[in-house]
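The following note sets out some points for a reader who is new to protein models. Please keep the sequence and the structure in view while reading.

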Amino acid sequence: MDAQRYQAALRAGARPRLWEFVLWALAFAAPLVLPQHALMVNEIAIVALFAVSLDLILGYTGIVSLGHAGFFGFGAYVAALFAKHVMPDPTVGLLVAMAATAVLGAVASLTILRGSDLTRLMVTLGTALLLLELANKLDWLTGGADGLQGVVLGPVLGLFDFDLYGRTAAWYSLSVFLLLFVLMRRIVHSPFGATLMAIRDNRLRASAIGIPVVSRLAVVYTVAAAIAGAAGALLSQTTGFASLDVLAFDRSADVLLMLVIGGIGWLYGGIAGAIVFKVLQDSLSSITPQYWMFWIGLILVLLVLVGRDRLLRPQTWFRREKGAKA
Amino acid sequence: MLTILFDGIAYGMLLFVLAVGLAVTLGLMNFINLAHGAFAMAGGYITVLAMQRLGVPFLACLPLAFVLTAALGALLERTLYRPMYKKPHLDQVMFSIGLAFMAVAAVDYFVGGSQQNVQIPQWLRGRTEIGDGALLLGMGHYRIFIIAICAVLTVVLQLLLSRTRFGSRLRAAVDDPRVAAGLGINVNVVFLLTFAMGSGLAGLGGALGAEILGLDPTFPLKYMIYFLIVVAVGGTSSITGPLAAALLLGIADVAGKYYIPKMGAFTVYLLMILILLWRPQGLFTRKGGR
């Protein structure tokens, strides 16, 4: 009897709500209604996908990572190189980039299994910096500091050409985002996702009730890496360009900020954060382009001082804070 | 060969002075402070500005950089950092990255984004060479000066932490703040002083290192990883751990850039990841970290 009730409660959380359909419909309508902002929609879709992939490891599994941009950038470079040297088809390029990033993520997941938060911070940061250094030094392959230029892509699925206004790009990114989002939604609501949250809340207890902690961490890190790689691939495919900037530390910090603005441990948090962040960036940097970094720093500091959990989730404003987190 | 070793040691000593404050806040107070490099940058800019605008001699700038940065550290500790000690690590990371970003943009706004130079006095510019051939040891006088200062500082710090009343209070406050407070130790003041001292040392390191490391507004982000490596690899339970890690890092970095310049900083990052895979709590620790 009880078991059935718990199962029903879990199922209820997994069921898609009406507003989610509305939200996605609006997103897909956006490039049509606001054609001048199609490029912006494309960018938001990409960074939102990136942010949600970080949420998978940070919000749901509790791994603090400062190097998620490493996977994003790796995916971007793989997709750009694949399109340039092997085949211009975007879908195949995307799959190749995801597969390559998944392999990288599986290898990198070995580094995050042990140690404290600080150790993880260091190795994730170190991995991203290693990739940045590599991309910088292998200039015969990646173009070094000048970036990888001259990436020309064929039509999506052989049907839709990329146009100048970025509408095809926006729809392409949104479709990929939607597919991967549904996948991630299934993951976090599955029993697998429940074990991830158990590991986040108390690793020792999780292993005591028989959850294979190490393999779960490795798997989720690999999946998150592959999805971040997909986001990177979308970026380089829709802009036809990949530069060292995709691997930079700022990008890891930005994505962390987006996620925290939107609220961690909640898939739509990444999307909300990405929208707020991009709109803020657009408006603030049009006032003072050079000092955007100051504003971002100020937002970060204020956010933490005020308390990051409650900003975009009004339903938590009047609730007492949950008990001590482990 | 020996010259590289010597330069590496000087570089490592410099890194140690820069990072030891971080070792204290991170290891002792368990606070991840990614804005530590901002204090070092503050020290560097204080020196540059005092020398250029006010004509203060270089040697007088060093204590000035220490005192002013320590005061800045104390101010920030009291107002912003103290509420952060109890927050989760993610909050601390976000908060201190935010501070570092603000420092970078603020310096860019007030001083400008160009590289700043420190005019070191004439008597520190020479170079002494001993031996020849493969054993040639060329010692820049400024580097000798750095090594001497840093060595003295290390000894003083070690004595301060292990022999004085303040040192034992600090260790007590770290081991168990509640019990220490119960014994009549004012934990807040101890932490405040420690934080100020760590920041001051970073400022001094920034002033000393402006010549070798270069000084521009992106300094805190550029060297953040190096400071963190020193602390993470050295472990945080003693002074000697970070010292050894800083020396190792300094020598590895200088030698790596000399022998395999194609690899750049690659060697250092790779070394760090391997060491942390092998010993996640750092090379020199008494026990598993908290």
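1. Two residues are said to be in contact if their C-beta atoms, placed from the backbone, lie within 7 Å. By this criterion, 35 residues of chain A are in contact with 35 residues of chain B. Helices, numbered from the N terminus, are DSSP runs of H or I of at least four residues, and strands are runs of E of at least two. On the side of chain A that touches chain B, α6 (117-137), α12 (249-262) and α14 (292-306) each supply at least two residues. The largest share, 14 residues, comes from α6(A).

2. That side of chain A divides into 22 nonpolar, seven polar and six charged residues. Here Ala, Val, Leu, Ile, Met, Phe, Trp, Tyr, Cys and Pro count as nonpolar, Asp, Glu, Lys and Arg as charged, and the others, Gly among them, as polar.

3. This is a predicted model, in which local features need pLDDT of at least 70, side-chain atom pairs count only at pLDDT 80 or more, and totals for chains, interfaces and linings use all residues. Residues are numbered from 1 along each chain as its sequence is written, while chains are lettered from A and ligands numbered from 1 in the order in which they are written.

4. The predictor's confidence in each residue is the pLDDT, from 0 to 100. Chain A averages 81, and 91% of its residues score at least 70. Over residues 320-326 of chain A, however, the pLDDT is below 50. Where pLDDT is low, the predicted coordinates should not be read in detail.

5. Chain A holds 14 helices and zero strands. Its C-alpha trace spans about 60 × 45 × 40 Å along the principal axes. A residue is buried if 20 or more other C-beta atoms, placed from the backbone, lie within 10 Å of its own; such residues make up 49% of the 326 in chain A.

6. Which residues of α2(A) are buried? They are Ala27(A), Ala30(A) and Pro31(A), and they pack against α3 and α8 (167-189) of chain A.

7. A nonpolar core is a set of buried Ala, Val, Leu, Ile, Met, Phe, Trp, Tyr and Cys residues joined through C-beta atoms within 7 Å. Of the 197 residues in the largest such core, Leu49(A), Ala230(A), Ala19(B) and Val230(B) touch the most other members. Helix α3 (residues 38-58) of chain A gives the largest share of this core, 15 residues. Leaving aside neighbours within four places in sequence, Leu49(A) is in contact with Phe177(A), Leu180(A), Ile227(A), Ala230(A) and Ala231(A).

Methods. A residue is buried if 20 or more other C-beta atoms lie within 10 Å of its own, exposed if 12 or fewer, and partly exposed in between; C-beta atoms are placed from the backbone.
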